[in-house]
Amino acid sequence: MSEAEESDQRRLARNVNELLQELRVAQAGVQILFGFLLSIAFTEKYASMGAYIRVTHLVTVLCAAVAVAFLTAPAAWHRVLFRQGRREDVVASGNTFALIGLAFLAFAMTGTVLLLAEVILGDWPSVVVGVLAFAVFAGLWFVWPFASSKRAEDRERP
């Protein structure tokens, strides 16, 4: 079926399904990361860590928790609004929630890499590793796709 032949309702149903499928990947990853981050606080070595590590860890856990909230919100919205003819709201809000959730997941991943680098390398090398991790996540997940979209728009303009 061509795009022109696809009804609005079928398109919305497909969009909801695609959104929920995409989020399953991110949800699993962030939930595993969240569990890992929670377990760190209950280790012997954690008790001897300095304030910088503890604050970085807390901020990272909070970023992961916010990511979980935003990445699971579209599924909750879909369930709550199921059969109310509100697929358009689910798709629009779900897209926003997914982007915000991915941003917080990028921060949580960056914090996790920073924590690990701090334990292994210490001092400024860990900050460099953290900045590089953030650049990779931000670049691959946001900058590159948005730039690609902008280039495609520019090519389509007469």
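## Helix 1

Helix 1 bends by about 25° at arginine 24. In this predicted model, the helix has 33 residues and reaches 48 Å from its first C-alpha to its last, close to the 48 Å expected at 1.5 Å a residue.

Several residues of helix 1 are buried, among them Leu12, Asn15, Val16, Leu19 and Leu23. Further along, Ala26, Gln27, Val30, Leu33 and Leu37 are also buried. An α-helix has 3.6 residues a turn, so residues three or four places apart point the same way. The cover over the buried residues of helix 1 includes helix 3 and helix 4.

## Helix 1 against helix 4

The axes of helix 1 and helix 4 are 10 Å apart, and the two helices pack at an angle of about 25°. Because angles under 35 degrees count as roughly parallel, helix 1 is described as roughly parallel to helix 4. Their crossing is left-handed.

On the side of helix 1, the contact involves residues including Gln9, Leu12, Ala13, Val16, Leu19, Leu23, Ala26 and Val30. Helix 4 contributes, among others, Arg87, Glu88, Val91, Gly94, Ala98, Leu102, Leu105 and Met109. Leu33, Phe36 and Leu37 of helix 1 and Thr112 of helix 4 also take part in this contact.

## Threonine 112

Threonine 112 is found in helix 4. With a relative accessible area of 16%, threonine 112 counts as buried, because the cut-off for that class is under 20%. Leaving aside its neighbours within four places in sequence, threonine 112 is in contact with Leu33, Phe36, Leu37 and Thr60.

## Phenylalanine 42

Phenylalanine 42 lies in the loop between helix 1 (8-40) and helix 2 (44-47). This residue is exposed, with a relative accessible area of 75%. Phenylalanine 42 and valine 127 are 85 residues apart along the chain, and their C-alpha atoms are separated by 25 Å.

## Helix 3

Helix 3 has 30 residues. From its first C-alpha to its last it reaches 42 Å, close to the 44 Å expected at 1.5 Å a residue. A bend of about 35° occurs in helix 3 at alanine 73, and proline 74 follows within four residues.

The axes of helix 3 (residues 51-80) and helix 4 come within 8 Å and cross at roughly 160°. That angle makes helix 3 roughly antiparallel to helix 4. The crossing of helix 3 and helix 4 is left-handed.

Helix 5 (residues 123-156) has 34 residues and should span 50 Å at 1.5 Å a residue; its end C-alpha atoms are 48 Å apart, which agrees. A kink of about 50° in helix 5 is centred on glycine 139. The buried residues of helix 5 are Ser126, Gly130, Ala133, Phe137, Ala138 and Phe142, and what covers them includes helix 4 (87-120).

Helix 4 and helix 5 have axes 8 Å apart and pack at an angle of about 155°. The two helices are therefore roughly antiparallel to each other, and their crossing is right-handed. Residues of helix 4 in this contact include Leu99, Leu102, Ala103, Ala106, Phe107, Thr110, Val113, Leu114 and Ala117. Those of helix 5 include Asp123, Ser126, Val127, Gly130, Ala133, Phe134, Phe137, Trp141 and Phe142.

Note on methods:
Residues numbered from 1 in each chain as written. Predicted model: local features only at pLDDT ≥ 70, side-chain atom pairs only at ≥ 80, totals over all residues. Heavy atoms only, no water. Expected span 1.5 Å × (residues − 1). Bend = angle between axes of the 7 residues up to and from the residue. Buried < 20%, exposed > 50% of the residue type's maximum accessible area, 1.4 Å probe, protein only. Contact = heavy atoms within 4.5 Å. Axes fitted to C-alpha atoms, helices over the stretch in contact; angles between N-to-C directions. Parallel < 35°, antiparallel > 145°, perpendicular 65-115°, else oblique. Left-handed = near helix turned anticlockwise from the far one by under 90°.
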